[in-house]
Amino acid sequence: CIGVIQLTRTKMAFSDKPVHHEKPRFSYELFIWLIQVIVVLLFCCTVIRLCLIARPPTYTLADLTVPATRGGNEFSRQKRDEITQNHTLTTMVFSLVITNPNKNKGILYDETTFTIAQKGLIIGKSSLKPFYQSGMGSISNSVLVNVDRFVLGQNGTLKVGLETTVRYRILRWTTKQQSLNLEASVAADKDGMFSINEEGVTLKPSK
């Protein structure tokens, strides 16, 4: 009987001890794994987005020559050599530098149209044919504009307008057309002469 009582007490002592259940670790490890996957996916999306986003080209007026008359700028010898007999007393010439700021992304330009306005009136138009420009480079174009009147400094600022559509070539993929509407103003100095400094005048989005 005594042995039975001791055995019973031993069983009761063991049954009174709290039972500790080991917490599963898979939930914590799964959470860490999901965080890592999300970080990698966000990084990949950022890289892909940066690769696909293309910045628009920049246009800079580097030189401007207006018809040689009162308040006009004489055609320089260099301009005469470059343009030969294509200019007249009602021809305006400006040098346009087009820069593609994108690395490994070419730009397809559709026809580019230019307008010259003074006092809100368009006095001349011109255009450039479609062309392609490779990445990270600049090209210069001499644009001739036949104006229908003499350009006088006292008539106010000249406004140069540009309109075109571009497509970006990224690897073997070409984007949809995107419109560009830009403009720049060139003021006359105190002598009534239109001039552009060495830094040039950058065309900005039209208001």
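1. Confidence. The mean pLDDT of the chain is 78, and 71% of the residues score at least 70. Residues 70–87 fall below 50. In the model, this stretch still has 38 contacts beyond near neighbours in sequence. Where pLDDT is low, the predicted coordinates should not be read in detail.

2. Nonpolar surface patch. Tyr28, Phe31, Ile32, Ile35, Ile38, Val39 and Leu42 make up a nonpolar patch on the surface. Together they present about 710 Å² of accessible area. One of them, Ile32, belongs to helix α2, which spans residues 26–52.

3. Asparagine 102. This residue sits in the loop between β2 (91–100) and β3 (105–109). Its relative accessibility is 4%, so Asn102 counts as buried; the cut-off is under 20%. A polar atom of the Asn102 side chain lies 2.7 Å from the backbone oxygen of Arg55. Leaving out residues up to four places away in sequence, Asn102 touches Ala54, Arg55, Ile107, Gly135, Met136 and Tyr168.

4. Valine 201. Strand β11 (residues 201–202) holds Val201. At 22% relative accessibility, Val201 counts as partly exposed. Beyond neighbours within four places in sequence, Val201 contacts Tyr59, Thr60, Leu61, Ala184, Ser185 and Ile196.

Note on methods
Residues are numbered from 1 along each chain as its sequence is written. This is a predicted model: local features need pLDDT of at least 70, side-chain atom pairs count only at pLDDT 80 or more; totals for chains, interfaces and linings use all residues. Side-chain values use heavy atoms; hydrogens and water are left out. Patches are made of residues with over 30% relative accessible area and no salt bridge: like charges are joined within 9 Å, nonpolar side chains (Val, Leu, Ile, Met, Phe, Trp, Tyr) within 5 Å. Accessible areas come from the Shrake-Rupley method with a 1.4 Å probe; for residues, only the protein chains shown count as cover. A salt bridge is a side-chain nitrogen of Lys or Arg within 4 Å of a carboxyl oxygen of Asp or Glu. Helices (H or I, at least four residues) and strands (E, at least two) are DSSP runs, numbered from the N terminus. pLDDT is the predictor's confidence in each residue, from 0 to 100. Contact means heavy atoms within 4.5 Å. Buried means under 20% relative accessible area, exposed over 50%, partly exposed in between (1.4 Å probe, protein chains only). A polar contact is a pair of N or O atoms within 3.5 Å; within protein, one must be able to donate a hydrogen and the other to accept it, and residues adjacent in sequence count only if both atoms are side-chain atoms.
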